[in-house]
Amino acid sequence: MLIIDQATYDAILAHARRDHPDEACGVVTGPEGSGRAERFVPVPNSAMSPTYYEFSSEDLLKVHKDLWERDEEIVVTYHSHTATEAYPSRTDIARAEEPNSHYVIVSTRDGAEQQSYDGPVEFRSFRIVDGVVTEEDVKIVAAYADSDSSERGDN
């Protein structure tokens, strides 16, 4: 299950809407080994395409240097689909190289003909390991303290 705080969820949706009709992309990082998606890091789509996203090698290097300096890891890799459902394409599956990452796809397909989009979206999360796609539940919490206490049964 992906547990994500409301602010990060909202930031991913805003990025997908803002970049529409091109695909938006980025990562959410967290302390190494924690599995907590804490720091939203939008990355420019160097392909600038409505059907494909790509991190430039320079941007990817910058993200990884930043991760190293902060003792963080990528917890979520996200991108948007502007004309199709929020489900991994063959290309998405082939490029999924982080077995511990949650792969989030946001679909803005309801606004496919629009130059900007502020309508409803579809937000789904997947694990992709060795080409096998498994959808997972998404739990949105106000803050991580909320999920920590409910996971321990403190509520």
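Across which strands does helix α1 lie? Helix α1 (residues 6–19) lies across β2 (25–31), β3, β4, β5 and β6 (122–129). Its direction runs at about 10 degrees to β3.

This is a predicted model: local features need pLDDT of at least 70, side-chain atom pairs count only at pLDDT 80 or more, and totals for chains, interfaces and linings use all residues. Residues are numbered from 1 along each chain as its sequence is written, and side-chain values use heavy atoms, with hydrogens and water left out.

**Sheet and helix**

- Helices (H or I, at least four residues) and strands (E, at least two) are DSSP runs, numbered from the N terminus.
- An open sheet is formed by 6 strands, in the order β3-β2-β4-β5-β6-β7, with mixed pairing.
- β3 (39–43) and β7 (132–136) stand at the edges with a single partner strand each, so one side of each has no neighbour in the sheet.
- From one strand to the next, the twist averages 30 degrees.
- β4 and β5 pair in the parallel sense, over 6 bridges; strands pair if DSSP finds at least two bridges between them.
- Tyr78 stands opposite Val104 in β5.
- Axes are lines fitted to C-alpha atoms, for helices over the stretch in contact, and angles run from 0 to 180 degrees between N-to-C directions.

**Aromatic pairs**

- The whole structure holds 4 aromatic pairs. Rings of Phe, Tyr and Trp (its six-membered ring) pair if their centres lie within 6.5 Å; planes under 30 degrees apart count as stacked, over 60 as edge-to-face and the rest as tilted.
- The ring centres of Tyr9 and Phe123 are 4.6 Å apart and their planes are at 55 degrees, so this pair is tilted.
- The pair links distant parts of the chain: Tyr9 is in helix α1 and Phe123 in strand β6, 114 residues apart.

**Pockets**

- A pocket is an open set of points on a 1 Å grid over the protein atoms alone, where a 1.4 Å probe fits, with protein on both sides within 12 Å along at least five of seven lines; lining residues have an atom within 4 Å of a point.
- The largest pocket has a volume of about 370 Å³. It is lined by 19 residues, and Tyr53, Phe55, Thr77, Arg95 and Glu97 are the closest to its centre.
- α2 (57–70), β4 (72–81), α3 (90–95) and β5 (102–107) each supply at least two residues of the lining of the largest pocket.
- The second largest pocket has a volume of about 190 Å³. Its lining has 14 residues, with Glu23, Thr51, Tyr52, His81 and Ser89 the closest to its centre.
- α3 gives the most to the lining of the second largest pocket, with 3 residues.

**Backbone exceptions**

- Most residues other than glycine have a negative phi, and most peptide bonds are trans.
- The peptide bond from His20 to Pro21 is cis, with omega near 15 degrees. Pro21 lies in the loop between α1 and β2.
- Asp71 is not a glycine, yet has a positive phi of about 55 degrees. Asp71 lies in the loop between α2 and β4.

Conventions: Points joined across faces, edges and corners; volume = space filled by probe spheres on them. Contact = heavy atoms within 4.5 Å.
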